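Please keep the sequence and the model in view while reading.

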Amino acid sequence: MNDTIGNRMLTLRVEHDIPRVTLAKELDLAPNTIYRIEIKGDTPHVYTVMAYAEYFGVSTDWILFGKEYGE
């Protein structure tokens, strides 16, 4: 699997067993927005990255780069 922003965001959602529609509602996003990021590889808006990080308790650095700040 490619190590991309979309794949890391998909991994978070799948590991927490949260359906795309449920997460979209929780983050006030369209389900299609999540699909386009996770599957199509669209670049997420900065606020979407921040919302994922807060919701899943990870850093934005992990979502964007696959590692924590300073690694």
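A residue is called buried when its relative accessible area is under 20%, exposed when over 50%, and partly exposed in between, using a 1.4 Å probe and protein chains only. By that scale His 45, at 46% relative accessibility, counts as partly exposed; His 45 is found in the loop between α3 and α4, and its C-alpha lies 10.0 Å from that of Thr 33, a residue twelve places away in sequence.

The model is predicted, so local features need pLDDT of at least 70 and side-chain atom pairs count only at pLDDT 80 or more, while totals for chains, interfaces and linings use all residues. Residues are numbered from 1 along each chain as its sequence is written, and side-chain values use heavy atoms, with hydrogens and water left out.

**Helix α3 and its buried side**

Helices here are DSSP runs (H or I, at least four residues), numbered from the N terminus. In helix α3, which covers residues 31-40, the buried residues are Thr 33, Ile 34, Ile 37 and Glu 38. Because they cover an arc of only 115 degrees around the axis, they lie on the same side of α3; the arc is taken from the directions that run from the helix axis to the C-beta atoms. An α-helix has 3.6 residues a turn, so residues three or four places apart point the same way. The buried residues of α3 pack against α1, α2 (20-27) and α4, where contact means heavy atoms within 4.5 Å.

Ile 34 of α3 counts as buried, at 0% relative accessibility. Leaving aside residues up to four places away in sequence, Ile 34 touches Arg 13, Arg 20, Leu 23, Ala 24, Leu 29 and Tyr 52. After α3 comes Gly 41, whose phi is positive, near 85 degrees.

**How α1 meets α4**

The axes of α1 (residues 5-15) and α4 (residues 46-56) come within 11 Å and cross at roughly 30 degrees; axes are lines fitted to C-alpha atoms, for helices over the stretch in contact, with angles from 0 to 180 degrees between N-to-C directions. Met 9, Leu 12 and Arg 13 of α1 make this contact with Thr 48, Tyr 52 and Phe 56 of α4.

How many aromatic pairs does the structure hold? There are two, where rings of Phe, Tyr and Trp (its six-membered ring) pair if their centres lie within 6.5 Å, with planes under 30 degrees apart counted as stacked, over 60 as edge-to-face and the rest as tilted.

| Pair | Centre to centre | Angle between planes | Class |
|---|---|---|---|
| Tyr 52 and Phe 56 | 5.7 Å | 40 degrees | tilted |
| Tyr 55 and Phe 56 | 4.9 Å | 80 degrees | edge-to-face |

Tyr 52 and Phe 56 both lie in helix α4, four residues apart, which is about one turn of the helix. Tyr 52 is buried, with a relative accessible area of 1%, and Phe 56 is buried as well, with a relative accessible area of 10%, whereas Tyr 55 counts as partly exposed, at 34% relative accessibility. Tyr 52, Tyr 55 and Phe 56 form one aromatic cluster.

Methods: Helices (H or I, at least four residues) and strands (E, at least two) are DSSP runs, numbered from the N terminus.
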